[in-house]
Amino acid sequence: MDAITIEHVTKVYAPLWPWHRSSTVLSDVSLFVTKGEIFGFLGHNGAGKTTTMKILLGLLRPTSGRVDVLGAPAGDVATHSKLGYLPEAPYFYDYLTAEEFLEFYGKLAGMSHDAIQSRIPILLEQVGLQEAQHRQLRKFSKGMLQRIGLAQALIQDPELVVLDEPMSGLDPMGRKEVRDLILTLREQGKTVFFSTHILSDVEMVCDRVGILAKGKMLALGKVEDLIDAHIAQSIEVVCDGVIGKQIEPVQRLALRILQSGTRCLMVLPGHECLDEILEALRRAGAKLVSIIPHKGSLEELFVQKSHGEG
Amino acid sequence: MQCLFAVAVNTFRETLRDKILYNLVLFAVLLIGSSVLLGTLTIGEQARLVNDLGLAAINVVAVIIAIFVGIGLVSKEIERRTIYTLLARPITRAQFVLGKYLGLALVILVNIGIMFAMFLATVRLSGHPIHASLFQAVELMLVEALLVMAFALLFSTFSSSILSATLTLGIYVVGHLTSDLKMIAEKHASGVIKSLTATLYYVFPNLETLNIKGQSAAGISVDLGFQMIATTYGLLYTGLLLVGACLIFQRRDF
């Protein structure tokens with residue numbers, strides 16, 4: 001069963017005044033996230049990621065299309081007891097202490113006093129804020145706010161966690177901790193839907209990704225499948241004792257040739273031409289140093305898709 | 001309901017931690033200062049003036065809190081984006097609006113309660129009698145503050161803080177002049193002006209109904225029937241405004 005279903009969603013902001021233009025923020029966006037999956041939502045600033053998340057939570061209404069969250073239409077308040085949300089660059093009530101803050105959100109989630117009291121220390125430990133339990137949020141750093149934001153999103157142990165840029169504002173150690181936390185959530189069978197700019201995080205933790213640009217869904221699927229389907233594979237060959245440009249097959253087939261003294265590095269478009277090149281190099285008396293298959297990266301895919309080259 | 005009360009308690013705590021009760025110090029200084037300064041007057045006049053000043057000060061402070069804290073109730077949550085995480089919880093938008101209102105109503109109730117207790121203590125220490133009419137005046141002041149706060153909340157669900165404050169202040173001023181509107185409607189020859197002023201008279205709240213400070217200060221009580229009708233009128237009007245605020249907030253995009 002899908003945790004999130006978004007079908008042909010379009011969001012158009014009507015102009016405030018007749019002489020203004022309407023703006024289309026999302027255009028025919030469709031995606032699904034199955035239960036227990038970690039889904040990475042990629043896109044530049046202004047691509048429409050936050051808008052999509054706000055629609056999921058019922059903070060915005062789509063102009064057209066259908067959105068279901070945990071089997072109910074988006075905005076159905078009853079399902080909110082089963083989800084947690086961390087907005088981008090969160091700002092919370094700065095006069096509350098970390099403990100009071102989590103207590104407030106626990107009450108909003110419908111939890112009992114005892115359940116809240118037993119959950120708070122666990123969460124604070126999970127996000128590394130045990131020391132700050134009685135400190136007011138106004139004295140928190142940006143990274144600490146991000147962590148306490150994560151804690152509030154998880155207060156009632158939700159089925160679905162929606163995180164908008166959860167790694168922003170965190171140092172490398174903090175990012176690793178959030179990544180680990182997301183992986184722990186998967187182990188617990190939770191569904192995580194998160195947006196990010198940091199592609200290495202996505203490659204490490206996501207089951208599937210969606211790439212959004214200018215309000216349009218450009219790619220959707222498993223990271224490896226998308227890279228295999230959209231990014232050409234290449235092979236890097238390094239050898240000694242030859243001038244690459246003087247060998248005919250190399251000159252004809254290589255995508256790039258770099259020469260440094262008698263050492264030559266050539267980039268080949270794929271393994272189909274590898275035998276022919278190796279044969280030619282052997283005949284020319286070259287000494288082979290290395291052959292490295294170069295796999296496409298998510299970054300290449302992201303750049304290609306978001307520049308409309310795909 | 002748990003959500004509604006959680007929001008109310010949080011609003012109460014937020015407002016108190018914003019040091020809103022500091023106004024009580026100013027109020028105390030004003031009361032004590034005025035009773036000392038008025039000490040030279042004759043006994044009858046002194047009692048009336050202390051009552052007048054005390055009731056007016058309670059009224060002004062309550063209305064200022066109602067307007068200037070009231071307009072920020074919802075708009076501050078939107079500006080700070082705390083509204084996102086709140087509405088992502090199992091709470092309806094109406095519960096949120098009513099919770100915010102209830103929290104500030106509690107602040108105003110506590111504030112008026114403390115001010116009134118200080119006022120009564122001053123009256124007693126000055127050796128003046130405490131009339132039942134003073135309680136009547138303060139009860140209607142509370143109703144007026146609740147009504148003004150509902151206006152502030154209603155405006156803040158669809159406009160900026162500055163516009164909300166301006167509109168609420170405007171309503172407060174016009175609300176105290178509605179009897180003049182009625183007089184204009186009765187005396188003016190032009191049919192258009194007559195119907196326009198009559199409409200305004202019925203649409204705007206008649207806040208003068210809730211103002212019995214003058215006679216209360218003189219120790220004259222109002223009829224209990226009037227007191228009940230005025231209270232019901234104020235609370236019904238407040239209820240309508242809150243329904244309007246919930247309906248508008250329900251339709252908002254964030």
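Just after helix 1 of chain A, A:Gly58 adopts a positive phi of about 80°. Helices here are DSSP runs of H or I with at least four residues, strands are E runs of at least two, and both are numbered from the N terminus. The model is a predicted one, with local features needing pLDDT of at least 70, side-chain atom pairs counting only at pLDDT 80 or more, and totals for chains, interfaces and linings using all residues. Residues are numbered from 1 along each chain as its sequence is written, chains are lettered from A and ligands numbered from 1 in written order, and side-chain values use heavy atoms, leaving out hydrogens and water.

Helix 1 itself covers residues 49-56 and is mostly tucked away, with 7 of its 8 residues buried (under 20% relative accessible area; exposed is over 50%, partly exposed in between; 1.4 Å probe, protein chains only). The buried set includes A:Lys49 and A:Lys54, along with A:Met53, A:Ile55 and A:Leu56. Across chain A, 51% of the 310 residues count as buried.

Zooming out, chain A holds 10 helices and 14 strands. The C-alpha trace spans about 80 × 55 × 40 Å along its principal axes. As for contacts (heavy atoms within 4.5 Å), 68% of those between residues at least 6 apart in sequence join residues at least 24 apart.
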